[in-house]
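Colleague: I am new to this structure. Please take me through how its labels were reached.

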Amino acid sequence: MKAIGVIEIKTISKGYLVSDGILDLVSVEIVMAQPVCPGKFVLILAGGVAEVENAVAFANRKYSEAVVDSTVLGRIEEEVYLSLVGAAETAQRGAVGIIETFSIAAVIQAADTAVKTSGVEIMEIRIARGMGGKCYALFTGSVSNVEDAVKNGGAQAAEEGLLVDTAVIASPHTELWQYIE
């Protein structure tokens with residue numbers, strides 16, 4: 001398992017500056033470094049726990065005025081990592097759960113909690129592009145597992161005041177699948 005660091009930055013210019021500073025400081029993999037809505041920048045890092053913690057601490061210390069939110073997930077589920085890099089494959093077609101958040105870090109934490117506490121598969125994690133800065137994660141599995149995933153992942157985001165909404169669709173209509181997958 002890899003550690004993941006997520007840093008949301010207020011401006012695009014500072015986002016690139018933070019990214020460069022981190023790469024000069026520690027050996028981490030950049031999973032994502034790009035502008036997101038509404039005019040913010042997201043930096044998602046992967047690597048060893050110590051390296052990722054050092055990178056996020058550097059950003060919070062040196063650019064505290066620019067950091068909106070940040071987190072380190074020390075032992076992220078492989079499925080969450082694969083969803084972030086666009087390599088996740090979903091075999092199930094059961095119930096669908098949705099967790100929507102105000103923060104990139106919050107949706108990743110919620111997705112990780114959901115997967116760790118229930119037998120669901122992540123279908124997608126959508127990061128703040130074209131949605132006014134909001135994010136969401138989609139899950140599939142049995143109705144009871146999806147309900148548990150949404151409850152547990154949603155509670156994680158709600159604890160930080162970053163939960164927008166959740167939903168469970170017990171039996172999605174066959175036509176809806178073409179828009180979900």
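Modeller: Start with how helix angles are taken: axes are lines fitted to C-alpha atoms, over the stretch in contact for helices, and angles run from 0 to 180 degrees between N-to-C directions. The model is predicted. In it, the axes of helix α1 (residues 12-25) and helix α2 (residues 49-62) come within 10 Å and cross at roughly 135 degrees.

Colleague: Which residues of α1 and α2 meet?

Modeller: Val18, Gly21, Ile22 and Leu25 in α1 meet Asn54, Ala55, Phe58 and Ala59 in α2. By class, this contact has six nonpolar, two polar and no charged residues.

Colleague: How many aromatic pairs does the structure hold?

Modeller: There are two aromatic pairs.

Colleague: What makes the pair of Tyr16 and Phe41 edge-to-face?

Modeller: Ring centres must lie within 6.5 Å to pair, and planes over 60 degrees apart count as edge-to-face. The centres of Tyr16 and Phe41 are 4.7 Å apart and their planes are at 65 degrees, so the pair is edge-to-face.

Colleague: Why is Phe41 called buried, and Tyr16 partly exposed?

Modeller: Buried means under 20% relative accessible area, and partly exposed lies between that and 50%. Phe41 is at 0%, so Phe41 counts as buried. Tyr16 has 46%, so Tyr16 is partly exposed.

Definitions and conventions: Residues are numbered from 1 along each chain as its sequence is written. This is a predicted model: local features need pLDDT of at least 70, side-chain atom pairs count only at pLDDT 80 or more; totals for chains, interfaces and linings use all residues. Side-chain values use heavy atoms; hydrogens and water are left out. Helices (H or I, at least four residues) and strands (E, at least two) are DSSP runs, numbered from the N terminus. Contact means heavy atoms within 4.5 Å. Ala, Val, Leu, Ile, Met, Phe, Trp, Tyr, Cys and Pro count as nonpolar, Asp, Glu, Lys and Arg as charged, and the others, Gly among them, as polar. Rings of Phe, Tyr and Trp (its six-membered ring) pair if their centres lie within 6.5 Å; planes under 30 degrees apart count as stacked, over 60 as edge-to-face and the rest as tilted. Buried means under 20% relative accessible area, exposed over 50%, partly exposed in between (1.4 Å probe, protein chains only).
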